[in-house]
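Subject: Structure handover

Hello,

Here is the structure we spoke about. Please open it first, then read my notes below.

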Amino acid sequence: MTTSPARSPRLLLIATGVLVVAGVILLTVPHTQSAPSASAPPRAAAPTSHPSASASGGRTGQASGSAPAPASTASAQSASASALPPHGEGEAGDAVIQKSLEGAWPADLAADEERKLLAAGRGLLRADATGIGRAKWPAIFGDPGQAVAPAFATARFRIQAAIARRDGSPNKAVVHLVWAGTDRGGAYTDRRITDWYFTRTSTKGASTWTPQPRT
């Protein structure tokens, strides 16, 4: 009975000491664990800024590099459009169309052959469009009594430009014609395009250009 009061203070001291140690441990452990988590975000955030900067720089570089291309394309289209006179210009613009054809296809036939082909091509186009002179080419237009009615009037028919060139062989040629006319409905249109093809045949040393039926 005399020893129990002495043991109680010792147990209290031991228990108090254990609680103090446990408290110190609990207080110190969270701080040591939270330190890395607090410093981790800056390290993770640093690399993310570099790809975004380089990506925006790449887009800027591509945009600045591609900018001149649309400008040059637009200028080329504008120059091409301005090479020919506007529709409805009339005879004043025919010389420009003729010059444009000659510039696009340089001459490759003898001058006398080109003259013959141009005369035949012009006559064939007029006969086909207006019906005038079809009897001269029965192999092309058939029986005049059964010929198809002309699609264009003679009043405003006009050949604006024409050239004759070889068609891949010395014995083949094409006459390229640009013309204007009024159709049966009364609609006038200029800068129409028609091609007539010819083959050359030789008889007793004389050559003749024969037109080919249109297909």
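**What was found**

Buried residues make up 23% of the 215 residues in the protein. Buried means under 20% relative accessible area, exposed over 50%, and partly exposed in between (1.4 Å probe, protein chains only).

This is a predicted model: local features need pLDDT of at least 70, side-chain atom pairs count only at pLDDT 80 or more, and totals for chains, interfaces and linings use all residues. Residues are numbered from 1 along each chain as its sequence is written, and side-chain values use heavy atoms, with hydrogens and water left out.

**Fold**

The protein has five helices and four strands. Along the sequence the pattern is α-α-α-α-α-β-β-β-β. Helices (H or I, at least four residues) and strands (E, at least two) are DSSP runs, numbered from the N terminus. Contact means heavy atoms within 4.5 Å. Among contacts between residues at least 6 apart in sequence, 48% join residues at least 24 apart.

The four strands form an open sheet, order 1-2-3-4, with antiparallel pairing. Strand 1 (158–166) and strand 4 (206–211) each have a single partner strand, so one side of each is left without a neighbour in the sheet. The twist averages 25° from one strand to the next. Two strands pair if DSSP finds at least two bridges between them. Strand 1 and strand 2 pair over eight bridges. Arginine 165 has valine 174, in strand 2, as its bridge partner.

Helix 3 packs on the sheet and touches strand 1, strand 2 and strand 3. Its direction makes about 10° with that of strand 1. Helix 4 (residues 111–130) lies across strand 1, strand 2, strand 3 and strand 4, at about 125° to strand 3. Axes are lines fitted to C-alpha atoms, for helices over the stretch in contact; angles run from 0 to 180 degrees between N-to-C directions.

**Pocket and cavity**

The largest pocket holds about 150 Å³ of space. On a 1 Å grid over the protein atoms alone, a cavity is a set of points where a 1.4 Å probe fits but cannot get out; a pocket is an open set with protein on both sides within 12 Å along at least five of seven lines; lining residues have an atom within 4 Å of a point. Grid points are joined across faces, edges and corners, and a volume is the space filled by probe spheres set on the points.

Which helix gives the most to the pocket lining? Helix 3 does, with four residues. The lining has seven nonpolar, two polar and one charged residues. Ala, Val, Leu, Ile, Met, Phe, Trp, Tyr, Cys and Pro count as nonpolar, Asp, Glu, Lys and Arg as charged, and the others, Gly among them, as polar. Lining residues include Trp105, His176 and Arg191.

The whole structure has one cavity of 30 Å³ or more. The largest cavity has a volume of about 40 Å³. Its lining divides into three nonpolar, four polar and five charged residues. Arg158 and Asp94 are among them.

**Two residues**

Arginine 158 lies in strand 1. It counts as buried, at 15% relative accessibility. Its contacts include Glu91, Asp94 and Trp179, not counting residues up to four places away in sequence.

Serine 169 is in the loop between strand 1 and strand 2. It is partly exposed, with a relative accessible area of 23%. Serine 169 and threonine 199 are 30 residues apart in sequence and 9.4 Å apart in space, C-alpha to C-alpha.

Best wishes
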